[in-house]
Amino acid sequence: MIQIYLLSVCYLVFSSLLLLVDSYRRKLSFMLKAKSKLREDMKKLNLYFLSGIALSLLLFAFPMHPGPFIAGDLIPSLAILFISFFYRLLYSEKNRERSDTYLAGKKQKTKRLGFICLSIAFIHFLFPSIVLL
């Protein structure tokens, strides 16, 4: 289904921009408000988390044509699932102080994760007929 495909690409790009906003604050200043809304509002964080899980499961079950019916887009599906759990654990109420101290020293790793998700999204978008297993 093409809708799931486009939503998965948008979810991956949005998530990677959220990861890269700390490193490229001036260039990605339009993402600061989205990051603060996601971080401060627990309902939006839960919605983002649940939509990531649902999108990952739908992408896993209904891959783009010509992929195999099951696990056709495994890498984008797993990336969406990982990112949704990453944000859920990172921005939860219990771990907020711990995550601030964790991310202070791990800025390079979050930057690398952001670029990995962005590259998965671009490969997934530019070459839809390639099966990403």
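Trainee: At what angle do H1 and H4 pack?
Mentor: Helix H1 (residues 2-20) and helix H4 (residues 74-90) pack at about 45 degrees, with axes 10 Å apart. Helices here are DSSP runs of H or I, at least four residues, numbered from the N terminus. The axes are lines fitted to C-alpha atoms over the stretch in contact, and angles run from 0 to 180 degrees between N-to-C directions.

Trainee: Before we go on, what sort of model is this?
Mentor: A predicted one: local features need pLDDT of at least 70, side-chain atom pairs count only at pLDDT 80 or more, and totals for chains, interfaces and linings use all residues. Residues are numbered from 1 along each chain as its sequence is written, and side-chain values use heavy atoms, leaving out hydrogens and water.

Trainee: OK, back to the pair. Which residues of H1 and H4 make the contact?
Mentor: From H1, Ser-8, Tyr-11, Leu-12, Ser-15, Leu-18 and Leu-19; from H4, Pro-76, Ala-79, Ile-80, Ile-83, Ser-84, Phe-86 and Tyr-87. Contact means heavy atoms within 4.5 Å.

Trainee: And how do they divide by class?
Mentor: The H1 contact with H4 has 10 nonpolar, three polar and no charged residues. Nonpolar is Ala, Val, Leu, Ile, Met, Phe, Trp, Tyr, Cys and Pro; charged is Asp, Glu, Lys and Arg; the others, Gly among them, are polar.

Trainee: Where does Gly-52 lie?
Mentor: In helix H3 (residues 42-61). Gly-52 counts as buried because its relative accessibility is 0%. Buried means under 20% relative accessible area and exposed over 50%, with partly exposed in between (1.4 Å probe, protein chains only).

Trainee: What is Gly-52 in contact with?
Mentor: Leaving aside neighbours within four places in sequence, Gly-52 touches Tyr-11, Ile-80 and Ser-84. The C-alpha atoms of Gly-52 and Leu-12 are 9.5 Å apart, though the two residues are 40 apart along the chain.

Trainee: Next one. How do H4 and H6 pack?
Mentor: H4 and helix H6 (residues 107-126) pack at about 145 degrees, axes 10 Å apart. H4 brings Ile-75, Pro-76, Ala-79, Phe-82, Ile-83 and Phe-86, and H6 brings Thr-110, Leu-113, Cys-117, Ile-120 and His-124. By class, the H4 contact with H6 has nine nonpolar, two polar and no charged residues.

Technical notes
Helix = DSSP H or I, 4+ residues; strand = E, 2+ residues; numbered from the N terminus.
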